[in-house]
Amino acid sequence: MNPLLRFSFGASLGRVVLRPGEDPFALYEPLQTEAHRWYLAEGDGSAGFGWADLPLRSCDDVLEAAGWLRSFEAVVQVGIGGSALGNLMLHQALLGDTVNERGPLRFYLADNPDPAKVREIWDRVKDRRTALVGVSKSGSTAETTSQFLWFKEQMECRIDGPVGDRILLVTDPAEGVFRAYVNQTGCRSLPIPSDVGGRYSVLSPSGLLSAAALGVDVEALLCGAREMRSFLRGCSDRRINPALRLAALHRYHERQGRPMAVFFPYSSRLERFAEWYAQLWAESLGKGGQGTTPIRALGAIDQHSQVQLYVDGPDDKFATFLHVGGEEDLLLPQVVDEPLRGLSYLGGRGLGEMLSREARATAAALASRGRPLVWIDMERLDARSLGQLVYFYEVLTAMVGRMMDLNPFDQPGVEQGKRYTYGLMGRKGFEEHAVEAQEWFARIDGETLEGPLGEDAEVTE
C-alpha cells in the first residue's frame with residue numbers, strides 16, 4: 001500500500017523512559033493477538049460487524065441515486081448522529097465549507113430538531129425544487145422522523161403532484177417505519193445493511209449518497225478504505241500494525257490514569273472528522289464504567305484555547321496529532337512598512353508552512369513536558385487518503401473495545417434516553433418510561449435558584 005498515512009510513536013509513552021530491549025506492551029500481546037483474530041473473523045458472527053466489508057460493496061446504486069438528486073435544485077436530508085456526522089465530515093474534508101456557494105445543488109442537513117434551525121432551512125429551500133432524504137436505519141429515531149414529517153407536510157402544501165416523487169429514504173432493507181413507507185408509496189430508497197450500526201455507516205449509502213450527489217469521488221473513497229482493510233487484515237505483527245499498536249496504547253494510558261483521548265488535526269477541513277471520531281469513540285467505548293473521553297481540538301485554533309491545559313495541567317490525556325501535507329500554500333509578502341518591520345521574519349514564508357511548523361512546535365512542547373502523544377502524517381487530503389483514515393479509525397475503535405472486553409457496537413446508554421423520549425412524546429407502549437423520566441427530572445428540578453429579573457421588572461440599586 002502506498003503509505004498515504006504514516007504513524008510515529010516515539011513520544012507515545014510520555015515520561016516513561018525504556019531500557020534497551022524493554023517492551024511495555026508485552027502484557028498486552030495476548031489481547032492484541034486476540035483482537036486481530038476477532039477482527040479477521042469479523043466477530044465470529046457477532047452482530048454489528050457489517051461495516052468491516054463495506055469497502056468491498058458496489059456503490060452503483062448510490063451513484064444512480066446521486067444522479068437523480070442532482071436533478072433538483074436543493075436537497076434537505078434529515079438524520080442525526082451517525083446519519084449526519086459522517087455526511088458533514090465527508091463534505092467538509094473533500095469539498096470545503098462553501099460547497100453551497102459554488103455548486104448548482106444546495107444541500108442542507110437537518111440534524112438537531114431545533115425549530116429555529118428547521119425553519120431557517122425551510123426558508124432557504126421553499127422556493128426551490130427540493131428533494132427530501134431521510135436517513136434512519138430503524139425509521140423510528142424521534143429526532144429524524146419528526147423532522148421528516150414536518151418537511152414532508154411543508155412540501156405537500158407547496159407542490160402539485162405526489163410528494164413521494166421527491167422523497168428518498170435510506171433505511172433498513174426489510175424492516176421499520178421508513179421501509180413500510182417505501183413499500184406503500186413506492187418512493188426511492190437505498191439500504192443500510194442490517195448489520196451496520198449508525199456510527200459505523202459512513203461508508204454505506206447513509207454517508208455516501210449526499211457526498212456523491214455533491215461531487216465527491218466515492219469510488220476513490222472506497223478504494224482507500226479497501227487499501228487500509230487489506231493492510232490491517234494482512235499484518236498481524238503488533239509491532240508494525242498501527243491499529244494494534246495504537247489500540248494497546250489507548251488501553252495502556254487509560255489504565256495509567258489518562259481518561260481523555262485528544263484528537264488534534266491541523267487542518268480546518270478535518271474539523272468535522274474530529275466530531276465524527278468523537279461519536280464513534282464515545283458511543284463505542286463508554287460502557288461498564290470504562291472508556292476514555294474523546295476531546296476535539298483543531299490546530300492552530302486550539303493552541304490558543306486548550307493547549308495551556310495540555311502542557312501545564314494534569315497529566316491525564318493521550319493526544320493524537322494529525323498533520324496534513326500536500327496543500328497549495330499561500331505566500332506572505334515581504335514586509336516593507338516601517339511600523340511592521342518586526343514581522344519581517346514572516347516575509348516570503350507560507351501560511352501552510354506556518355501551520356505545519358506550529359503543529360510540530362505544539363507536539364514538541366507536549367513531549368518536552370512528558371505528555372504522551374502519537375503523530376500521524378497524512379501525505380495529502382483527498383478521497384483515497386480519507387477513505388484510509390476513516391477505515392483505520394473504525395478498526396482501531398473496534399479493537400480497543402475488544403481489548404476492553406466490551407461490545408463496541410451497541411449503545412445501551414443511548415437507548416435509555418430514547419425510551420424516555422418516546423414516553424414523554426406519547427408513543428404507545430412507553431408510558432412507564434414517561435413516568436420514570438418525569439420522576440427523575442423532578443429530582444433534577446428539586447433545588448432551583450432563580451436567575452436575573454426580566455427586563456420589565458423594576459430594579460433598585
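Buried means under 20% relative accessible area, with exposed over 50% and partly exposed in between (1.4 Å probe, protein chains only). Helices are DSSP runs (H or I, at least four residues), numbered from the N terminus.

The model here is predicted, so local features need pLDDT of at least 70, side-chain atom pairs count only at pLDDT 80 or more, and totals for chains, interfaces and linings use all residues. Residues are numbered from 1 along each chain as its sequence is written, and side-chain values use heavy atoms, leaving out hydrogens and water.

**Exercise 1.** Work out why helix α8 (residues 205-214) counts as largely enclosed.

*Solution.* Start by going along α8: Pro205, Ser206, Gly207, Leu208, Leu209, Ser210, Ala211, Ala212, Ala213 and Leu214 are buried. That's 10 of the 10 residues, so the rest of the structure largely encloses this helix. Now step past its end: Gly215 follows α8 and has a positive phi, near 115 degrees.

**Exercise 2.** Describe how helix α5 (residues 115-125) and helix α6 (residues 142-158) pack.

*Solution.* Two things describe a packed helix pair: the angle between the axes and the distance between them. Axes are lines fitted to C-alpha atoms over the stretch in contact, and angles run from 0 to 180 degrees between N-to-C directions. For α5 and α6, the angle is about 30 degrees and the axes are 12 Å apart. The two helices are therefore roughly parallel (angles under 35 degrees).

Next, find the contact (heavy atoms within 4.5 Å). α5 brings Val118, Ile121 and Trp122, while α6 brings Gln147, Trp150, Phe151, Gln154, Met155 and Arg158.

How values were computed
Parallel < 35°, antiparallel > 145°, perpendicular 65-115°, else oblique.
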